[in-house]
Amino acid sequence: MKKRLRAATAAILAVITVAVLAVAISFSLREAPAPEEATINYGDLNSNSLNVVETQKDGYLVYAPEGDVEWVLLFYVGTAMPADNYDAVMNALASRGIAVIVSENPFADLLYEDTEKAFDEYPDAKYFVGGHSQGGGAAIRRTAENPDRVKGTILYSPMIVNDATLADKDVPAIYFEAENDRVLTADYKAEAASRMNEDCEFVFLEGANHMCYGSTGFAAFDGENTRPLTEIRDEVIAKTLAFAQRVINGYGE
């Protein structure tokens, strides 16, 4: 009798276990609800605080914000600088909703490439193009050659060795000059400034040197940053975002 009772109990437990497993499996097989995609508020970039994923591609580094990207910055590095040299600035821009693509061409103006595959990363987006030092020269040329795709140009202490100009182009531009820049001569600065159109916004960074935009310095050739680097970078980020906001707000008007 006890054996039959134990057998019956075991059978009941087995049935219950199978039933529970069946229910658990059925729930696990249900399609999990897709996580809501973050909304990028292009009407107020400073209201965004987005997760950013850095992805290494063939020839460029992507800082991709979560959400449906509509605006992108294609950026060219200063001479022989690594793509992640500008990580602080690029991450800050991406977290506000502007995806950033940094070309790994170490001599973007000196060894300019006629085609730019990074444009295919976000084929339907509107582009800013920017650059630092001689990378700024590449940015000017890329802008001049792609007036239909480039909606704004962002230049950090640019040095130009090509013949391109924005003086005759109806494209918004912002131009940063560093007070203690000892890498660029007065002639280089004047030449770069002469390539801008009359609507270009000029920003003078007090107490900043040529390399203030990134993590690498040229101590032997450059001036000093006479105010905290974090303060300088915060100014660069804030004024870059303000410029981008004006371009975005004015797009299509």
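**Entry 1. The chain as a whole**

I began with the contacts of the protein chain: residues 24 or more positions apart account for 71% of those with a separation of 6 or more. I took contact to mean heavy atoms within 4.5 Å. I note that this is a predicted model, in which local features need pLDDT of at least 70 and side-chain atom pairs count only at pLDDT 80 or more, while totals for chains, interfaces and linings use all residues. Residues are numbered from 1 along each chain as its sequence is written, and side-chain values use heavy atoms, with hydrogens and water left out.

I then looked up the elements and found five helices and eight strands in the protein chain. Helices (H or I, at least four residues) and strands (E, at least two) are DSSP runs, numbered from the N terminus. Their order from the N terminus on is α-β-β-β-α-β-β-α-β-β-α-β-α. Of the 253 residues in the protein chain, 47% are buried. Here buried means under 20% relative accessible area, exposed over 50%, and partly exposed in between, with a 1.4 Å probe and protein chains only.

**Entry 2. Helix H2 and what follows**

I asked which residues of H2 are buried. They are Val 89, Met 90, Ala 92, Leu 93, Ala 94 and Ser 95. The buried residues of H2 pack against the strands E1 (52–57), E2 (60–65), E3, E4 (99–103) and E6, and against helix H5. After H2 comes Gly 97, with a positive phi near 115 degrees.

**Entry 3. Thr 79**

I located Thr 79 in the loop between strand E3 (71–76) and helix H2 (87–95). Thr 79 has a relative accessible area of 31% and is therefore partly exposed. With neighbours within four places in sequence left aside, Thr 79 is in contact with Pro 106, Phe 107 and Gln 134.

**Entry 4. Two serines with positive phi**

I looked up Ser 133, which is not a glycine and yet has a positive phi of about 55 degrees. Ser 133 is in the loop between strand E5 (126–132) and helix H3 (134–145). Its relative accessible area is 6%, so Ser 133 is buried.

Ser 157, also not a glycine, has a positive phi of about 45 degrees. I placed Ser 157 in the loop between E6 and strand E7 (173–178). Ser 157 counts as buried because its relative accessibility is 2%.

**Entry 5. Aromatic rings**

A pair of aromatic rings is described by the distance of the centres and the angle of the planes. Rings of Phe, Tyr and Trp (its six-membered ring) pair if their centres lie within 6.5 Å; planes under 30 degrees apart count as stacked, over 60 as edge-to-face and the rest as tilted. I found nine aromatic pairs in the structure. One of them, Phe 119 with Tyr 127, is edge-to-face, at 4.8 Å centre to centre and 80 degrees between the planes. Both Phe 119 and Tyr 127 are buried.

Tyr 156 and Tyr 213 form a stacked pair, with 4.8 Å centre to centre and 10 degrees between the planes. This pair links distant parts of the chain, 57 residues apart: Tyr 156 is in strand E6 (residues 150–156), and Tyr 213 is in the loop between strand E8 (201–205) and H5. Both Tyr 156 and Tyr 213 are buried. I also noted that ring pairs link Phe 75, Tyr 86, Tyr 156, Phe 176 and Tyr 213 into a cluster.

I recorded one charge over a ring (NZ of Lys or CZ of Arg within 6 Å of the ring centre and within 35 degrees of the ring normal). Arg 149 lies over the face of Phe 119, at 4.4 Å from the ring centre.

On a 1 Å grid over the protein atoms alone, a cavity is a set of points where a 1.4 Å probe fits but cannot get out, and a pocket is an open set with protein on both sides within 12 Å along at least five of seven lines; lining residues have an atom within 4 Å of a point. Grid points are joined across faces, edges and corners, and a volume is the space filled by probe spheres set on the points.

I found a volume of about 180 Å³ for the largest pocket. Helix H5 (residues 229–250) gives the largest share of its lining, three residues. I found one cavity of 30 Å³ or more in the structure.
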